[in-house]
Amino acid sequence: MQILHKTNLEALERARMLGSDGVLSLLERKGLVGRGGASSPTAKKWRECRDTPADERFVVCNANEGEPGSFKDKLIIRHNAETLIEGILIAAYIVGAKRCFIYLRGEYDHLRPRLQEQIADVLPRANLEGVSIEIVRGAGAYICDEATALLKSIMGFRGTPMYRPPNPTTEGLWGRPTLVGNVETLTCAAQAVLFDDWDANLRLFSLSGNIKNAGVYEFPLGVKMSSVIDVARPQRKLKAMSFGCFGGIMPVDENMSITPEAVCKGNCKQGNYSIIFIDETNNVVDISYSIAKFYTYESCGKCTPCREGTIRILNLLKKIRSGRGVKDDLQLLRELAMHVQETSLCNLGQTCGNHVLTSLEHFPEDYEAYLARKK
Amino acid sequence: MKMEEKKDNHLLMNILHEAQEKHGYISEQVLKQISVEQNIPISRLYGVAKFYTMFHTEPQGRYVVEICGSPSCILNNGVQIEKFLEREIGVKIGKTSKDGMFSLYKTSCIGCCDEAPAIRINGQPHTKMTVERVQVLLKKLRTAFKKKKKK
């Protein structure tokens with residue numbers, strides 16, 4: 001796997017040789033884009049942070065990977081943390097930051113002692129004067145995946161998202177320009193700087209669900225779904241697949257080539273490829289219900305449509321599953337999901353209805369089955 | 001993002017984690033102490049402690065058991081594990097057992113989807129759970145708990 005290639009501090013050395021502008025144009029040429037979900041060009045973000053006048057800048061590595069079905073960052077932290085740390089140091093060198101943070105999600109706290117050791121090992125050898133990397137321990141808030149919420153959490157506040165602009169790149173931690181990068185992006189940045197044959201097209205796929213070979217795999221963008229299924233080895237005939245929680249539940253189309261556009265018709269910019277496979281023994285409504293529970297649990301409560309809407313969606317699904325549902329509930333569910341998506345502030349609210357809308361569109365028979373099961 | 005905070009402040013998240021590790025949970029007493037030390041209003045501290053699910057403002061059991069509720073775990077018998085744990089420990093989700101041994105919670109994805117179903121006990125993930133494995137695990141914890149009590 002390309003992501004596991006180690007750079008052994010040679011990437012930082014090369015970055016020093018190329019200089020700040022050299023590295024940025026190299027990353028631009030190689031086409032590195034953010035892997036957290038937004039797919040924005042990395043060089044542009046780094047340049048914006050560097051060129052904003054300020055007395056201090058910060059680099060933050062977002063290791064708050066909370067998307068259900070996604071566990072690629074864990075693989076990197078476990079097996080290639082040295083390269084990740086080097087990526088953070090390169091970013092710090094480019095934008096001129098002294099204080100760097102890794103926001104490690106609470107669920108990955110068991111990885112922290114080793115990560116701390118690796119930071120202590122790499123940092124002195126990197127020879128960057130005054131640069132420090134601190135681990136900030138998350139505490140189970142998925143919403144802190146969102147950059148502004150994450151920064152508020154680091155500053156010791158409730159992790160609720162903020163209005164943009166200003167973007168964190170120009171006004172982030174304590175009002176200073178802050179570069180927020182995903183674990184995969186920063187690791188790729190170090191590798192892109194060092195390796196001439198680095199392939200910008202490879203993405204990490206987290207595969208899980210009713211399959212034998214669950215795990216993290218590397219595939220090029222545009223890979224055929226049939227190749228992914230071959231690797232995944234489903235236990236039984238597949239019925240549906242869910243792209244994380246936010247991508248929605250869709251029928252399995254073996255001929256589909258996996259690109260952000262194909263995944264959700266370009267509505268969601270997919271930088272994070274996690275696929276949960278669902279086989280024919282399951283009712284899609286049950287999965288939708290577990291996703292609704294997740295959103296209810298993780299909504300930060302800042303804006304009303306999301307806070308109340310997620311609860312209402314969950315209650316409606318509960319009613320349908322208990323056999324007390326009526327046909328009108330489906331229409332209500334659809335309207336509710338659309339309303340929450342249109343009126344919420346951040347990505348969580350804007351995507352929390354996807355699983356309902358897609359499952360209603362593609363698997364109406366599963367809902368009908370519950371409606372028919374009158375109590 | 002202009003917060004009133006001075007930038008040389010210590011990282012509150014880490015402070016709260018350390019306090020919880022030391023005292024078992026974040027009590028009012030602890031919050032008052034942090035409030036004085038860090039010069040942060042206690043109302044804000046309480047708001048932060050309540051916001052994050054991993055911070056507890058009530059006493060917890062010796063073993064905090066969290067069951068992953070992500071779709072991958074549900075698809076791999078997660079519900080069966082959840083029901084079994086509830087029955088075996090004898091408390092509902094969100095409650096602590098009377099003997100103070102277990103607290104049972106449900107959590108969002110813990111990133112172990114490749115080894116589903118998964119649970120976490122005191123922060124350590126346990127994966128590929130089956131009813132038999134849960135039984136063995138609980139037996140081990142119960143023995144350790146009794147030994148500690150005797151001491």
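## Close-up views of a predicted two-chain complex

**View 1. Chain A as a whole, with 15 helices and nine strands in its secondary structure.** The radius of gyration of chain A is 21 Å, close to the 21 Å that the globule rule gives for 375 residues, so chain A is as compact as a globular protein of that length. Please keep in mind that this is a predicted model. Along its principal axes, the C-alpha trace of chain A spans about 70 × 45 × 35 Å. Of the 375 residues in chain A, 54% are buried. If we take the contacts in chain A between residues at least 6 apart in sequence, 73% join residues at least 24 apart.

**View 2. Strand E2 (residues 99–104) of chain A and its pairing partners.** Here we look at E2(A), a mostly covered strand with five of its six residues buried. Strand E1 (residues 58–63) of chain A pairs with E2(A) in the parallel sense, over six bridges. A:Val60 can be found opposite A:Phe101 in E2(A). E2(A) is also joined by six bridges to strand E3 (residues 132–137) of chain A, and these two strands run parallel. For this pairing, look for A:Leu104, which stands opposite A:Arg137 in E3(A).

**View 3. Helix H2 (residues 42–51) of chain A, a mostly covered helix.** Seven of the ten residues of H2(A) are buried. They are A:Thr42, A:Ala43, A:Lys45, A:Trp46, A:Arg47, A:Cys49 and A:Arg50. The packing partners of these buried residues are helix H1 (10–30), helix H4 (81–95), strand E4 (178–182) and helix H7 (183–194), which belong to chain A.

**View 4. The contact between chain A and chain B.** Chain A gives 49 residues to this contact and chain B gives 36. On the side of chain B that touches chain A, two or more residues come from each of helix H1 (12–23), helix H3 (42–51), helix H4 (71–75) and strand E4 (124–126) of chain B. Sorted by class, this side of chain B has 19 nonpolar, 13 polar and four charged residues. For the complex, the predictor gives an ipTM of 0.93 and a pTM of 0.94.

**View 5. The two domains of chain B.** Domain 1 covers residues 12–51 of chain B, and domain 2 covers residues 63–150. The centres of these two domains, taken over C-alpha atoms, are separated by 27 Å. As for confidence, chain B has a mean pLDDT of 91, with 94% of its residues reaching 70 or more.

Technical notes: Residues are numbered from 1 along each chain as its sequence is written. Chains are lettered from A and ligands numbered from 1 in the order in which they are written. This is a predicted model: local features need pLDDT of at least 70, side-chain atom pairs count only at pLDDT 80 or more; totals for chains, interfaces and linings use all residues. Domain bounds come from an automatic or database domain assignment. Two residues are in contact if their C-beta atoms, placed from the backbone, lie within 7 Å. Helices (H or I, at least four residues) and strands (E, at least two) are DSSP runs, numbered from the N terminus. Ala, Val, Leu, Ile, Met, Phe, Trp, Tyr, Cys and Pro count as nonpolar, Asp, Glu, Lys and Arg as charged, and the others, Gly among them, as polar. A residue is buried if 20 or more other C-beta atoms lie within 10 Å of its own, exposed if 12 or fewer, and partly exposed in between; C-beta atoms are placed from the backbone. The radius of gyration is taken over C-alpha atoms; the globule rule is 2.2 Å times the number of residues to the power 0.38. pLDDT is the predictor's confidence in each residue, from 0 to 100. Two strands pair if DSSP finds at least two bridges between them.
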